[in-house]
Each structure stands twice: as structure tokens, then as C-alpha cells.
Amino acid sequence: MAEIEIKNLHKSFGDFVAVKNSNLVIENKEFFVLLGPSGCGKTTTLRMIAGLELPTSGNILLDREDVGYLRASQRDIAFVFQLFALYPHMNVRNNLAFPLKMQKFSKTEVDAKVTEAAKLLRIDHLLKSKVSSLAGGDRQRVALGRALVRRPKAFLMDEPLGTLDAEFRELMCLELRKLHDDIDATTVYVTHDQQEAMSMADRIAVMNEGEVLQADSPKIIYNKPKTKFVANFIGSPGMNFIPIKEKITPNQSSIKLLDSSLKIPEQREGTNSNENFLGVRPENLKLVSENGVKGNIFGVEYLGSRKILTVETQLGNIKIRVDSDTQVKINEQIQFDTLNNNQIIFDGSNDMALQSEFMN
Amino acid sequence: MMDTSRSPSEASGFSRKLAATIIIVYMVVTLIPISWMVATSFKSVDSAISYPPEVFFEPSLEGYVNLFTNRSRQPKDYLDSLPPPDTWYEELVRSREMVITGPSKFLPRYSNSLIIGFGATFFSVFLGSLAAYALSRFKVPLKDDLLFFILSTRMFPPIAVAVPIFIMYRKLGLGDTHVGMIILYTVVNLSLSVWLLKGFMDEIPREYEEAAMIDGYSRMQAFFKVVLPQATTGIAATAIFCMIFSWNEYAFAVLLTQFNAQTAPPFIPTIIGEGGLDWPAIGAGTTLFLIPVMIFTVVLRKHLLRGITFGAVRK
């Protein structure tokens, strides 16, 4: 297993820039997720690590060796495709043995390695089956088996759960993470599904328009997003952005919202702009009976363990998460306030989060 | 009452019967000449040219014997002086007051056809699949123009360029050689082969060869081990079209071959018997000529049926 380092990686297709001067370090044995909306460059980044695309400029280091311009076959990396790409003219055993045949193992060694991988993935009873007769989850396991059978330096996965139905997907999320831990793998995983990313990753890199916006643990990505895009992309529902019409200065610890004043974490930086945003997650707000920001209940979503209230205010619609036994009616007038210190100020000029007591 | 047992997208009983009737009529019309040819091959020389034509006749293997042998007529006293015939075919020839003087040229002509037919088919499909893969996967400069140019070689009948090819082949020493005929038929088939196979290659997802390349194979190895096996349907369909063309080609074979590399099509119609064409022998030659291409088509038929729908129902 290996450490992967990406230095100033850049890729353009004609006029279209797919990846912009990205820098990332993926640690040994790390489960690293590239997350972003479609077209953000995450798959292109992965394909460059694999050697399926060549970078326009920049370096890719695998165990400190520059492999950026080597052929895919010379990198000792395994790739799991979204559509699995199992060879339809071979049975499961031959699919698993295919990567080994190139490495001049004896037949008994190949058999032993195939059996070991099959046992690990619990597909040893399917070895003689045709690929086309397998169910989605089993195809997924065969694709993983083919990747891990030769114990490569790193696993690259391109939305491998994208085509599975919801039930299988949750199961495979667990299995994938367990497999990763069992074989001490280094995994780079591409997805647009934030739940997959949050549940599996050691670290997540959020990408948009070819740029890596933030690479951190799921907890930090969720609670302390560095940009408005990350804050909005992660979380369901996303973060509330409340417009503030005042310039924020260092050491400021409260802001005016309508006619009430709201406490915020003490700021370490000021903004350039006079129009900024207060970012606050729905679960960090609470209903209060007095001195809060006023609004009317616009909608109530019941989600079993909780309720999401949409509150219409003069500052726009704001979502608040409350306990599911909270009783509110549509059009009822309520007041809300912050629950804790987890608020972030985003500078309106560049959408970056300000440093503060909380954001440290 | 409406028949609810069939789905609305299925054909009704009436239109199915109509379709079957049309197919049967068409089949009879196409099969009459072929069955007449097979019947002629089992007639005697006299019964083959009798008028009105005989539909029921006493079968004879004279045509087949004549096809494979050269014979000469001998006076009766010479025939009587010979020892009795060893084999059934000698006896048959003897009863027509002739003796066998040696084997005919049919077998060499037939094997020329096999060598040239299968050779040209192999190279058309092999080179065609390489070109089709490249045109399907790589950024080739002027790709569309190139494809049009390849196709344009089929916009006139190949025989239109017979004279330049004749002169070229004579200068190059390719006239009346197996290599020359294989090259010629390969060239004529290649445009069809490239176009057909490109369609099939386009449908094979790139992920397969990418997976193989990550698994340590070169692009060429990935092509042979992963892409080609999945293009089987396309290859089979293309091979049949190429085979049928090169097996049946007549005009170039007449023009360019004579002794060494002559194929069966120009040879068969020239089989002369006594006082005219030997129709049973011609029938026998044509019947035997039909067999390889029939076997080839039947063997690949499963692929052909899926193949000529151009992969519309694959996966």
C-alpha cells in the first residue's frame, strides 16, 4: 500500500479545464473520498491517478515516485468502474484471475490467490458462474475481487455503488469500509453522494469546477466548511445562509438580524464586503418564546426521528431541525434563536468562511 | 370478444399467417433453381438435356464422376481387351464406352477457392477490426473524411477498375497467384469490414479495455483478449459477408487467373463433355461449390442474425 501525492495537477480538454492546479496528499491506508457534483473534475482526477488520462501539467507521486506519465499497466493500481466492466466472455474465476495472468504467477499460485480473494468477498460459490447471471451486489463483489486479487498499491473506485439499488448500497458501504480496513488498503473513492462519502471516508475532498475546495475529515467538512459551496453541498437539508447587511470586523461577537441581535462566535477576521452571510445548520437553531428572530411556519417535514421546519422570514426561508414531537401549525408565528456557538460568517465577496473562535 | 391472451405489441394470428405464407412463397421461388441444380447433378447426360425436362428420373452419379475425371472414348474391341473394372466409377465410365485418363482439374480449382476465399476473409476481418478499433477509439485526424474515403471505394463496382488492376498485376507479377487474389479480395472487402466493425466496436464500452490496461495489459493485449471476444457477433457477420463475396467472385477470377490460381467459379461453367456442356458435371460442381459457404453460414448463423441488426438488441 502506498501514499499518493498530487502536486499542481492540471488537466484541460481543449478549452475546457477539467482539473485546476489541484494539490492533495492521500495518506497510506487512508479511505479518501473525492466528492462533488457531476462535471467537477473528480473522475478526471481519479483517471489521471490511474493512468487512463495524462495530466496537462503537474505531478502524481505514488510512494514518492512520479508516475504521472507512466502507462496504467506500469503503476500497480487497481480500478473499480461504475459499470464494473467485468469481462462478459469469462466466468467469475477467469475474471478474477485475469490480472494475475499478466504477472507470470504459476497456475497453483493464481488459483490460491483467486480462492483467497473469493473467500474474502464471499463469492467462492460463484467462481464457475457466468458474469451475466450475477445479481448487482455479486457483480460488485467480483469487481472488487478483481481489484484486490493482486494486492495493488492503491484502489481507485469510480462511483462503484452508483448502479446498485438503495438496499444493496447501504450493505456494500459497510462491506467496502470493512474490506478496506481488513486488507490495509489505500483507497481513493469518487462519488457525488454525500451520504456515501460521510459514512465511509477518513477524509473527504470536496471539488467544484475543477478545484479542490477543502480536504478534511467528514466531521470538519460538515461542521467547519471553508467555503459556502462546501457548506451548501454537504448536509441534508443544507446549511442556512442568512444575509447580513453589515461589514464584519475582527473581534465582533454579535450581529443585527432584523430588530433582534444574534450572538456569534468571536471573529478573528473581518470581511471585505458589506453584504455577507451567516451560515448556520438547521440543527443549530432552536425555537424560543421571546427575543428571537420572528417568522411564520411555511412547511413541516416529518422525518421520523425529527422534523424539519421551513420558516418564512423577512430574511428568506430558513430551515430548523426540531424534535419530532414538537407541535407547530402552518402559518403559526414563531421565534427562533441559535442553539450553540456553531455559526460561520461567509464573506460575500469571495464566499470564504471567516476565521473565528469556532472555526479554529 | 377481444383476445386478451396476447400483448398488444404482438402480431395477431392473421398477420402471422400472412407473414408465414409470404415467406413460404418466397422460399419456394428461391429454392427452385437450387433444387433444379442439385437434381441436374444426379441426372445422366442424356436425361439432363432431354425435352420436355424430366422432373422424375433415374438418379445417376455420372455427373460427379465426370466432374472429377478426364475420360476418352475408345473402340469396343479395345474396351473388351481390358481387364474388368476395379471400381464402381470405372464401371460407370466403361458402360459409356470410355476409359478414365486421369483426374480433372476440379479439385485443384476447388482448393484454390478455399485458400483464396478463407485467406481473403481472414485478412479482411483482421485488418478491418484493427482499423475499426483505431477509428472507434483514437483521435484520428480527418476521421470522418477518412471513413468516407474508405466507403467511397465501394461506390462503383470493383470491376470498373479491372483494366488498371490487370496491368498492375502483370507488372508486379501478381497475376494468376494466390497472394494476388487474396490481396485483391481483401482490398475489395476491407471497406465493408471497417464500416461494419466500427459500428460494433463503438458499442463496446471503453471501460473493458481500460480495466485490462490497469490490470497490466498493453493496449494491443487488451484488444485481443477483451475487445475482440466481445466483438464476436460483429466479426461473424462481417466474415460471412466477406466470405460470400470472395467465394463467389467471378469477373476478376476470369480476368486474372488461368492455370495456377484459378478458382472454381470460372472453371465450373467451362466443363465440356462430348458435343457440348456437360450439364450433370456442372450441376455437381456447383452443388459441391455451395457446400462450404453453406456450412460457414450455418455455423455463424446465430451470430449473423444478431449481427445484421447491428447490435440493436445487445446487452
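Modeller: Before we start, helices (H or I, at least four residues) and strands (E, at least two) are DSSP runs, numbered from the N terminus. This is a predicted model, in which local features need pLDDT of at least 70, side-chain atom pairs count only at pLDDT 80 or more, and totals for chains, interfaces and linings use all residues. Residues are numbered from 1 along each chain as its sequence is written, while chains are lettered from A and ligands numbered from 1 in the order in which they are written.

Biologist: Ok, where does A:Asn59 lie?

Modeller: A:Asn59 belongs to strand 4 of chain A, which covers residues 57-62. In space, A:Asn59 is 6.0 Å from A:Ile6, C-alpha to C-alpha, although 53 residues separate them in sequence.

Biologist: And which residues does A:Asn59 touch, not counting residues up to four places away in sequence?

Modeller: Leaving out residues up to four places away in sequence, A:Asn59 touches A:Lys7, A:Asp66 and A:Gly68, where contact requires C-beta atoms, placed from the backbone, within 7 Å.

Biologist: Why does A:Asn59 count as partly exposed?

Modeller: Because A:Asn59 has 14 C-beta neighbours inside 10 Å, it counts as partly exposed; a residue is buried if 20 or more other C-beta atoms lie within 10 Å of its own, exposed if 12 or fewer, and partly exposed in between.

Biologist: Zooming out, how many helices and strands has chain A?

Modeller: Chain A has eight helices and 20 strands, and its C-alpha atoms fill a box of roughly 80 × 45 × 35 Å along the principal axes. Of its 360 residues, 42% count as buried.

Biologist: What about chain B, what does its secondary structure come to?

Modeller: For chain B the count is 16 helices and four strands, and 33% of its 315 residues count as buried. Its radius of gyration is 26 Å, whereas a compact globule of 315 residues would have one near 20 Å; the radius is taken over C-alpha atoms, and the globule rule is 2.2 Å times the number of residues to the power 0.38.

Biologist: Which domains does the assignment give for chain B?

Modeller: Chain B is assigned domain 1 (61-104) and domain 2 (107-307), and the contact between them takes six residues from domain 1 and nine residues from domain 2. On the domain 1 side, helix 3 (residues 62-68) of chain B gives the most, with five residues.

Biologist: Switching to the interface, how many residues does the contact take from chain B and from chain A?

Modeller: That contact takes 14 residues from chain B and 17 residues from chain A. On the chain B side, helix 10 (207-214) and helix 11 (219-230) each supply at least two residues, and the largest share, six residues, comes from helix 10. By class, the chain B side has eight nonpolar, three polar and three charged residues, where Ala, Val, Leu, Ile, Met, Phe, Trp, Tyr, Cys and Pro count as nonpolar, Asp, Glu, Lys and Arg as charged, and the others, Gly among them, as polar.

Biologist: Which residues touch the most other members of the largest nonpolar core?

Modeller: In that core of 140 residues, they include A:Val33, A:Ala50, A:Phe79 and A:Leu156; a nonpolar core is a set of buried Ala, Val, Leu, Ile, Met, Phe, Trp, Tyr and Cys residues joined through C-beta atoms within 7 Å. Helix 9 (residues 178-203) of chain B gives the most to this core, with eleven residues. A second, separate core of 16 residues includes B:Val45, B:Tyr64, B:Phe267 and B:Ile268. As for A:Ala50, its contacts beyond four places in sequence are A:Ala72, A:Ile77, A:Phe79, A:Leu156 and B:Ile214.

Biologist: Last one, where in chain B is confidence lowest, and where is it highest?

Modeller: By pLDDT, the predictor's confidence in each residue from 0 to 100, helix 16 (residues 301-307) of chain B is lowest at a mean of 67, and helix 6 (residues 106-137) of chain B is highest at 95. The mean for chain B is 88, with 95% of its residues at 70 or more. Over residues 309-315 of chain B, pLDDT stays under 50, and the model has five contacts beyond four places in sequence for them. Where pLDDT is low, the predicted coordinates should not be read in detail. The model as a whole scores ipTM 0.82 and pTM 0.80.

Methods: Domain bounds come from an automatic or database domain assignment. Two residues are in contact if their C-beta atoms, placed from the backbone, lie within 7 Å.
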